[in-house]
Amino acid sequence: MQDFSTAFSLAFSLIFNADADLIEIIGLSLSVSFSAVFFSVAVGFPLGAVTAVVRFPGRQVLAVTLNALMGLPPVVVGLLVYLVISRAGPLGWMNLLYSPTAMIIAQSILITPIIAALTRQIIEDLHKEYDEQLRSFCLPESRIVMTLIWDARYSLITVVLAGFGRAIAEVGAVIVVGGNIDHLTRVMTTAIALETSKGDLSLALALGIILLILALSINAAAYILRNSAHRSAHT
Amino acid sequence: MQLLIFCATVRIVQPILDIMIKFKSSMQPLSLLPLVVQNLSYKVNEKLLLDNINATVNSTGVSVVLGANGAGKSLFVRLLHGLLPSEQQTIKWNDQVLDLVIRKRQALVFQKPILLKRSVSANIEFVLSKSILKPRTSDLIQQRDAVLHEAGLFDQRNQPARLLSGGEQQRLALARALATKPEVLLLDEPTASLDAATTFQIETRLELARDKGVKIFLVTHDIAQARRLADDVMFMHGGRLIEHSVSNEFFNHPSSEPAKAYLEGRLLF
C-alpha cells in the first residue's frame with residue numbers, strides 16, 4: 001500500500017512540476033506510437049478495405065493471415081526487425097538500430113495487421129449494405145473502396161484506437177530495437193520496465209499511472225467524437 | 001472596325017460550331033429500346049426462380065411488372081439492370097448485350113432506399129461528381145440544388161440522409177437515381193412501405209420523368225398503382241411471365257387464370 005500512495009504523490013508531483021525527463025519520455029512515447037499508427041493506417045485501411053471488397057485470388061488466405069497476425073508477439077517482431085536492421089542485417093547500412101525510427105518500424109509492423117483486419121471486418125459489413133447500390137452506380141472498384149472507407153470513418157476511429165492502444169502499451173518490440181537509451185529511445189513502457197527491475201517501484205508506478213491516464217483520455221476523446229458523430233447521425 | 005472583325009469572325013466560326021453540334025448529336029447513342037428478353041431463367045442452388053421468360057418491350061412510358069410476393073419480379077429487374085449475372089444473349093437492350101455502357105444509362109431504385117451515411121446534399125453530389133478528388137464546382141452545386149429543389153428536399157439538405165423519414169428517404173433515393181440522367185429507370189416496389197401522400201409524390205415524380213422520355217420499369221404488387229401508372233403490364237407468377245399486354249387490355253380482359261385471380265383479389269399461391 002505504501003508503494004501506491006508514494007506512487008500517486010510522486011506521479012502528481014512529476015506531472016505538476018512538468019518534470020523535463022518525464023515530458024521527454026511521454027513526448028517520445030506519443031510521437032513513436034502516433035507515427036506508427038499513422039503508417040499503419042496508411043497501409044492498413046486500404047489493405048483491409050481492398051481485402052473486404054475486391055475479389056482476387058488469395059483473398060481468403062490474406063484475410064486469415066491478417067487475423068492471425070493480430071496476435072503477433074511484440075518481442076518476436078522486435079527480434080525480426082532487429083535482425084533486419086542490425087549491422088549484419090540487410091538494412092544494417094541505414095544505421096537504424098537503437099533509434100526512434102526503428103521503434104516506429106517495429107510498432108508499425110505490430111499494429112498494421114490489427115488495423116487491416118479490423119478495417120476489413122467493418123468495411124465488409126458496410127459493403128454488404130451498400131453493395132447493390134454501388135454496383136448499380138457502376139463505380140470503379142477504387143471509388144467503391146474510398147467511398148466505404150469514408151462512410152465507415154466513425155467506426156474506423158475504434159480501429160485506430162485499438163492500434164494505438166497496442167502500440168503505446170507494448171514494451172517487447174521497442175526495448176529490443178530501441179534499447180531503452182536515456183534521452184534517445186526511452187519511452188514510458190521501457191522506462192517502467194527499467195525502474196521496476198532497478199527496484200524503484202514508486203517511479204515505475206507513477207509512470208504507469210500516467211500511461212493509464214493518457215490511454216484513458218485518448219479513448220475518452222475518441223468516444224466523445226464517435227458519439228457526437230452518432231448524434232449528428234451518420235448512422 | 002472592331003465590330004466588323006467581330007462580325008466576320010462570328011460568320012466564320014458559326015458554321016463550324018453548327019457542324020460540330022450536328023456531329024455531336026449524331027454521336028448520341030441510340031435508344032436502349034427495344035428490350036428483348038429471350039429464354040431468361042435464373043437458378044439458385046438448383047431451384048428455378050425465373051423460368052424461361054420471353055418478352056419484348058418496345059414502348060416508351062411505364063412498364064409495370066406486377067405480381068405477388070415471390071413471383072420473381074425483383075429478381076427480374078435486377079437481371080435487367082445487370083446486378084445479377086444472366087446468361088449471354090438472354091437480355092438485349094437495342095440488340096446489344098448488357099454491358100457497363102448500357103448499365104450506366106440505367107438507374108435502379110430499391111424498395112428499401114440505400115442512402116450513404118452522409119448529408120442529403122452529399123448523397124446527390126456523390127452521383128453528380130465523377131471523382132471525389134475533384135473540388136466541387138459551382139456548376140455541380142447548382143445542379144445539386146436544382147435536384148434538391150425538384151425533390152422538395154432543399155430545406156433538409158444539410159441533414160444526415162439516414163435521419164430523414166421513410167418517405168423522404170425514398171424521395172431522395174429517387175432524386176439521386178434521376179440525377180444520373182438515366183434513359184431507363186427501374187424501380188423495385190419503391191412505395192411498398194409508404195403512405196398515400198408520399199406514394200402520390202413519388203408517382204408524380206415518375207410521371208414527370210416519363211413525360212421527359214425516361215423509360216420506366218416499375219415493380220409493384222399494388223394493383224391500384226399499376227392501374228394508375230401502367231402503359232403496359234408484365235404479370236408474373238411463380239417465376240414465370242404469365243401475361244404481357246397493354247394496360248387496358250390487361251385490366252379489362254386478363255387472359256390467364258392467375259392474372260384474373262390476382263385482379264379479383266383472390267389469394268394466389
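These questions and answers go through a predicted model of chains A and B. Residues are numbered from 1 along each chain as its sequence is written, and chains are lettered from A in the order in which they are written. Local features need pLDDT of at least 70, side-chain atom pairs count only at pLDDT 80 or more, and totals for chains, interfaces and linings use all residues.

Q: What is the mean pLDDT of chain B?
A: pLDDT is the predictor's confidence in each residue, from 0 to 100. In chain B, 87% of the residues reach 70 or more. Over residues 23–27 of chain B the pLDDT is below 50. The mean pLDDT of chain B is 87.

Q: Which elements make up chain A, helices or strands?
A: Helices (H or I, at least four residues) and strands (E, at least two) are DSSP runs, numbered from the N terminus. Chain A has 0 strands. What chain A has is 10 helices.

Q: Is A68(A) buried or exposed?
A: A68(A) sits in helix α3 (residues 59–69) of chain A. A residue is buried if 20 or more other C-beta atoms lie within 10 Å of its own, exposed if 12 or fewer, and partly exposed in between, with C-beta atoms placed from the backbone. A68(A) has 11 C-beta neighbours inside 10 Å, so it counts as exposed.

Q: What share of the 235 residues in chain A is buried?
A: The C-alpha atoms of chain A fill a box of roughly 65 × 50 × 25 Å along the principal axes. Within chain A, the buried share is 39%.

Q: How many residues of chain B are in contact with chain A?
A: Two residues are in contact if their C-beta atoms, placed from the backbone, lie within 7 Å. On the chain A side, 14 residues take part. On the chain B side, the number is 17.

Q: Which element gives the most to the side of chain B that touches chain A?
A: Both α3 (100–104) and β6 of chain B supply at least two residues of that side. The top contribution is 3 residues. They come from α3(B).

Q: In what order do the 4 strands of the open sheet in chain B run?
A: Two strands pair if DSSP finds at least two bridges between them. Here the pairing is antiparallel. β2 (47–57) and β5 (96–97) of chain B each have a single partner strand, so they stand at the edges. The order is β2-β1-β4-β5.

Q: What is the bridge partner of L35(B) in β4(B)?
A: Strand β1 (residues 35–44) and strand β4 (residues 91–93) of chain B pair over 3 bridges, in the antiparallel sense. The β4(B) partner of L35(B) is W93(B).

Q: At about what angle does helix α2 of chain B run to β2(B)?
A: Axes are lines fitted to C-alpha atoms, for helices over the stretch in contact, and angles run from 0 to 180 degrees between N-to-C directions. Helix α2 (residues 73–81) lies across β1, β2 and β4 of chain B. Its angle to β2(B) is about 60°.

Q: Why is α6(B) largely enclosed by the rest of the structure?
A: Elements that cover its buried residues include α5 (138–151) and α7 (196–211) of chain B. Among the buried residues of α6(B) are L172(B), L174(B) and L178(B). The helix is largely enclosed because the buried count is 12 of the 14 residues.
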